[in-house]
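Hi,

Here is the structure I promised to pass on.

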Number of protein chains: 2
Amino acid sequence: MSSSLILYDIASSLPEQTFSPNTAKARYALNVKGIPHRTVFLEYHEIEPTCKKIGAKPTGDSATGYSLPVLYDPATNTAISDSIEIARYLDVTYPSSLPVLIPKGTTALHYAFIDAHAAVLLPLYTYALPATLSIVNPVSQAYFRRTREALFGGKRLEDVVPTGEAHVEMWKEFEAGFGKIDAWYRKNENGGKGEYFMGEDTISYADITVVGYLRWANTVLGKDLWEDIAGWHGGRWGRLRKAFEKYDKVIV
Amino acid sequence: MSSSLILYDIASSLPEQTFSPNTAKARYALNVKGIPHRTVFLEYHEIEPTCKKIGAKPTGDSATGYSLPVLYDPATNTAISDSIEIARYLDVTYPSSLPVLIPKGTTALHYAFIDAHAAVLLPLYTYALPATLSIVNPVSQAYFRRTREALFGGKRLEDVVPTGEAHVEMWKEFEAGFGKIDAWYRKNENGGKGEYFMGEDTISYADITVVGYLRWANTVLGKDLWEDIAGWHGGRWGRLRKAFEKYDKVIV
């Protein structure tokens, strides 16, 4: 086991622990390619010291500057931070593990895609961050609350989720945002009939990005909210989520 | 000449007439591929009746719903609206005219790119639309003023361009927006050394999008403002604009 790649993920009180959309993207990169690895779960306060120990670079994405996922590859003694960097590393280092997630020429396009995709995620964060607070382990709750409440101007996470008419409005905004992603999918090859971003049969990192966040919604939001999302845009999001279930497997 | 493809463009008082970033993208698609064509210039009030006459679909992008560029191909009796649709049409209909501008698999990624790119353009519109008013022909000025002032809440175009500290702030915002595009370019193949979005040597539609707007800035903004832009991010925008000068040719 000591020679396996290690995926560092964030611990929680869920049976399978994993919940983070960002670490999900790295796991999908590994599982879609079929690359053997094992998972090590960390609490938030363990992330910075672990990254420093294995030589993983800060991403600037958290209060400490260090964030997960991080992949450690003992074969090359390399630690990679950030899910798209992990996907690029796997494409280059394990070229016989197909599919290529970021096909030649599309790296810059994938980075632009990630920014365009992130621009519609605010409603998801508004619903999913408070729901995530209730599943992180007690030792991480104060950190999670402090850092996530800062994103909402210090408002208590319990008071962030809109209700009544404000919920109806934000839910519509959420659906409209996913409508933009759907519009891109409908421009894919095969006249938009294909389920994946770059074509009918082959998963690319763009799909992994989308499903990473769908998985988060599916894991932390209630059944009714998730089923609503799953049915938007002709059921595209439910089908995509389902197509990725076989890559959910957490290997410990 | 009657068997040539026809690119419909917007007339102006400039010697070469063309100024629109959108019609520039269609011209670049034709000229990068080396596809023979001729240009017909229209005033704004002629766009809708011409589109209806040749069977070009509305794009929803103007007061009338019809906009340029439109490409008419007498060989297939087809009229195509919208610059990316024109690029896709040329890729499919003239496959031996290389390069392929939207390589297989990247269509949805290009649409997402266009949305991500458009998200940083507000400062450019703020400076370039008032400057464009002074070059459209007298017969089109009232239409141009009415429709463009509506984008700024009815404010007179003469009062839209910020001055003093407000100019300094917006110009910084403009540079920061182009910084995002630069960050994507720096992720391209060849470790970011290549000048083009999908790699070192091959122009794709993403480059055409970027240079379409650079050409507009270069055409309508004053020399000082353009030279400032051209020097941002290690001179990337000046080099890109220069690399495309050989594709500027307006064929009438």
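Let me start inside chain A of this predicted model. Domain 1 of chain A and domain 2 of chain A bury about 2200 Å² between them, with carbon and sulfur atoms giving 65% of it. On the domain 1 side, A:Phe19, A:Tyr28 and A:Tyr44 supply 31% of the area buried against domain 2 of chain A, more than any other three residues. α1 (21-33), α2 (44-54) and α3 (83-93) of chain A each give two or more residues to the side of domain 1 that touches domain 2, and α1(A) has the largest share, seven residues. By class, that side has 16 nonpolar, eight polar and two charged residues. For orientation, domain 1 of chain A spans 5-102 and domain 2 spans 116-246.

Now to the two chains. Here 20 residues of chain B are in contact with 20 residues of chain A. The area buried between the chains is about 1900 Å², 67% of which comes from carbon and sulfur atoms. B:Ala108, B:Leu109 and B:Lys187 supply 33% of what chain B buries against chain A, more than any other three residues. B:Lys187 also forms a salt bridge with A:Glu85, the closest N and O atoms being 3.5 Å apart; the count between the chains is two salt bridges. On the side of chain B that touches chain A, α4(B) gives the most, with nine residues.

Best wishes

Note on methods: Residues numbered from 1 in each chain as written. Chains lettered and ligands numbered in written order. Predicted model: local features only at pLDDT ≥ 70, side-chain atom pairs only at ≥ 80, totals over all residues. Heavy atoms only, no water. Contact = heavy atoms within 4.5 Å. Buried area = accessible area lost by both parts, 1.4 Å probe. Salt bridge = Lys/Arg side-chain N within 4 Å of Asp/Glu carboxyl O. Helix = DSSP H or I, 4+ residues; strand = E, 2+ residues; numbered from the N terminus. Domains from an automatic or database assignment. Nonpolar A, V, L, I, M, F, W, Y, C, P; charged D, E, K, R; others polar.
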